[in-house]
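Keep the sequence and the 3D view open while you read.

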Amino acid sequence: MLEVKGILNGVVLDHIKAGKGLEVFHMLKLNKIDAPVVLLMNVGSKDLGKKDIIKIEDKVDFNFDILSLIDTHITVNIIKNDKRVEKFTVEVPEEIIGHIECKNPRCITNFDDYVNPTFHKYAEDDKVLEYVCSFCEEITKFKK
Ligand SMILES: [Zn+2]
């Protein structure tokens with residue numbers, strides 16, 4: 001098994017569905033942060049068969065709940081001084097500001113850089129999450 005050094009301070013995102021790690025990476029804009037980041041793909045997992053893991057060595061202040069748009073089973077582990085001090089699963093947010101784009105090509109949020117796209121949860125079932133844009137009322141769907 002591939003061994004990667006644990007992190008001293010930071011965050012481990014675990015139980016990401018195999019193949020979704022890169023989406024998580026981009027949603028958190030991890031290519032823009034100035035800290036060590038490790039993306040592990042297709043790691044063996046007892047419950048999932050295979051999973052992806054992301055480790056970020058940094059003081060991190062992310063809105064982890066937006067990750068539920070990619071995968072609602074992601075576990076967030078907060079590490080301090082080499083110990084796990086907190087563990088939680090992402091929760092489907094009622095409101096999302098930024099991070100996602102309105103799918104309506106004529107929506108003002110896709111033209112004006114000063115307008116932060118804002119969405120509210122509209123519907124949720126086993127397979128789909130729907131968010132409604134506060135500016136144009138278009139509904140954007142996410143597959144679970
Ligand atoms: Zn819109």
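The report below goes from the overall layout to the sheets, the cores and a few single residues.

**Ground rules**

This is a predicted model, in which local features need pLDDT of at least 70 and side-chain atom pairs count only at pLDDT 80 or more, while totals for chains, interfaces and linings use all residues. Residues are numbered from 1 along each chain as its sequence is written.

**Overall layout**

The protein chain holds one helix and nine strands; helices (H or I, at least four residues) and strands (E, at least two) are DSSP runs, numbered from the N terminus. Read from the N terminus, the order of elements is β-α-β-β-β-β-β-β-β-β. Along the principal axes, the C-alpha atoms fill a box of roughly 50 × 35 × 25 Å.

The domain assignment gives domain 1 (10–89) and domain 2 (95–143); such bounds come from an automatic or database domain assignment. Taken over C-alpha atoms, the centres of domain 1 and domain 2 are 24 Å apart.

Of the 144 residues in the protein chain, 22% are buried. Here a residue is buried if 20 or more other C-beta atoms lie within 10 Å of its own, exposed if 12 or fewer, and partly exposed in between, with C-beta atoms placed from the backbone. Among contacts in the protein chain with a separation of 6 or more, 55% join residues 24 or more positions apart; a contact means that the C-beta atoms of two residues, placed from the backbone, lie within 7 Å.

**The five-stranded sheet**

Five strands form an open sheet in the order β2-β3-β1-β4-β5, and the pairing is antiparallel. Two strands pair if DSSP finds at least two bridges between them. β2 (37–45) and β5 (83–89) are at the edges with a single partner strand each, so one side of each has no neighbour in the sheet. On average, neighbouring strands of this sheet are turned by 20° against each other, direction ignored; the axes are lines fitted to C-alpha atoms, for helices over the stretch in contact, and angles run from 0 to 180 degrees between N-to-C directions.

β5 lies largely in the open, because the number of buried residues among its seven is zero.

**The four-stranded sheet**

A further open sheet has four strands in the order β6-β7-β8-β9, with antiparallel pairing. Its edge strands, β6 (95–97) and β9 (139–143), each pair on one side only. Neighbouring strands of this sheet are turned by 30° against each other on average, direction ignored.

| Strand pair | Bridges | Sense | Facing residues |
|---|---|---|---|
| β1 and β4 | five | antiparallel | Asp14 and Thr75 |
| β4 and β5 | six | antiparallel | Asn77 and Lys87 |
| β7 and β8 | five | antiparallel | Lys121 and Tyr131 |

**The nonpolar cores**

Which residues have the most contacts inside the largest nonpolar core? They are Leu13, Ile16, Val24, Ile54 and Leu67, in a core of 16 residues. A nonpolar core is a set of buried Ala, Val, Leu, Ile, Met, Phe, Trp, Tyr and Cys residues joined through C-beta atoms within 7 Å. β1 (10–17) and β3 (49–56) each supply at least two residues of this core, and β1 gives the most, with four residues.

Leaving aside neighbours within four places in sequence, Leu67 is in contact with Val24, Met27, Ile74 and Val90. A second, separate core has five residues, including Ile96, Cys102, Phe119 and Tyr131.

**Residues worth a look**

Ser68 is found in the loop between β3 and β4 (75–80). Is Ser68 buried, exposed or partly exposed? Ser68 is partly exposed, because 19 other C-beta atoms lie within 10 Å. Not counting residues up to four places away in sequence, Ser68 touches Val90, Glu91 and Val92. The C-alpha atoms of Ser68 and His99 are separated by 12 Å, and the two residues are 31 residues apart along the chain.

Asn81 sits in the loop between β4 and β5. The hairpin of these strands has two residues between them, and Asn81 takes a positive phi near 50° there. Asn81 counts as exposed because it has 7 C-beta neighbours inside 10 Å.

Glu137 also has a positive phi, of about 65°, although it is not a glycine. Glu137 is placed in the loop between β8 and β9, and it counts as exposed because it has 11 C-beta neighbours inside 10 Å.
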